[in-house]
Amino acid sequence: MGLEKDINQYKFRNQQQKAIINLLYTHNWVMERIKKFVAEENITPQQYNMLRILRGSYPTPLSTLQIRDRMLDKMSDTSRIVDRLILKNLVKKTVSSADKRLVDVVITEQGQAVLQRLDEKNIEMDNVINHLDENEMTQLNVLLDKIRG
């Protein structure tokens, strides 16, 4: 198994091109597994990310701007995601008391319950990268940080 076989491409311009394509391919591969994981709770990976952000700040509410700054996917439409989570009763929003132009968002008990159920399956989520040992995971994290460095 390797990138070449997975995408049926055997020639790359250079190792940089191969590495970029490999990162993109691996990102999509991991995202497909995350989608399946969170779909059990009828949420998307972006909604899962937002719920985790809001749980981390609980009980302090966050504005949609603060949430957007913390999102993994910076292109996410934060307001739309908040609205969908409101329809599922997973978050609440109110007009900010500090700035009436902003809305404050906080996770509900139902939202926390969803995350709790998913937390109970963390080993399943971690197994997405179970082909790596602890040292390889540390090395991968160092290399990924270095790419963005």
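Predicted model: local features only at pLDDT ≥ 70, side-chain atom pairs only at ≥ 80, totals over all residues.
Visitor: How does one check the length of a helix, for instance α3?

Guide: The expected span is 1.5 Å times one less than the number of residues. The helix α3 has 13 residues, so it should span 18 Å; its end C-alpha atoms are 19 Å apart, which agrees. For α2, with 25 residues, the distance from the first C-alpha to the last is 36 Å, close to the expected 36 Å.

Visitor: Which residues of α2 are buried, and what covers them?

Guide: An α-helix has 3.6 residues a turn, so residues three or four places apart point the same way. In α2, the buried residues are Lys18, Ile34, Phe37 and Val38. The elements covering them include α1 (3–7), α3, α6 (109–119) and α7 (122–126).

Visitor: Which residues are buried in α3?

Guide: They are Pro45, Gln47, Tyr48, Asn49, Met50, Leu51, Ile53, Leu54 and Ser57. Let us take Ser57, in the helix that covers residues 45–57. Ser57 counts as buried because its relative accessibility is 11%, and the cut-off for buried is under 20%.

Visitor: What lies around Ser57?

Guide: A polar atom of the Ser57 side chain is 3.2 Å from the backbone oxygen of Leu54. Leaving out residues up to four places away in sequence, Ser57 touches Leu62 and Arg70.

Visitor: Where is a cis peptide bond found?

Guide: The bond from Tyr58 to Pro59 is cis, and its omega is near 10 degrees. Pro59 is placed in the loop between α3 and β1.

Visitor: In what order do the strands of the sheet stand?

Guide: Two strands pair when at least two bridges are found between them. Here, 3 strands form an open sheet with antiparallel pairing, in the order β1-β3-β2. The strands β1 (62–63) and β2 (91–95) are the edges, each pairing on one side only. Between β1 and β3, which run antiparallel, there are 2 bridges. Ser63 stands opposite Asp104 in β3.

Visitor: How far from Asp104 is the nearest side chain of opposite charge?

Guide: A salt bridge requires the side-chain nitrogen and the carboxyl oxygen to be within 4 Å. The nearest side chain of opposite charge to Asp104 is Lys100, 8.9 Å away; Asp104 is buried yet has no salt bridge. Asp104 lies in strand β3, which covers residues 103–107. Apart from neighbours within four places in sequence, the contacts of Asp104 include Pro61, Leu62, Ser63, Lys92 and Lys93.

Technical notes
Residues numbered from 1 in each chain as written. Heavy atoms only, no water. Helix = DSSP H or I, 4+ residues; strand = E, 2+ residues; numbered from the N terminus. Buried < 20%, exposed > 50% of the residue type's maximum accessible area, 1.4 Å probe, protein only. Lys, Arg positive; Asp, Glu negative; His and termini not counted. Contact = heavy atoms within 4.5 Å. Polar contact = N/O pair within 3.5 Å; in protein donor to acceptor, adjacent residues only side chain to side chain.
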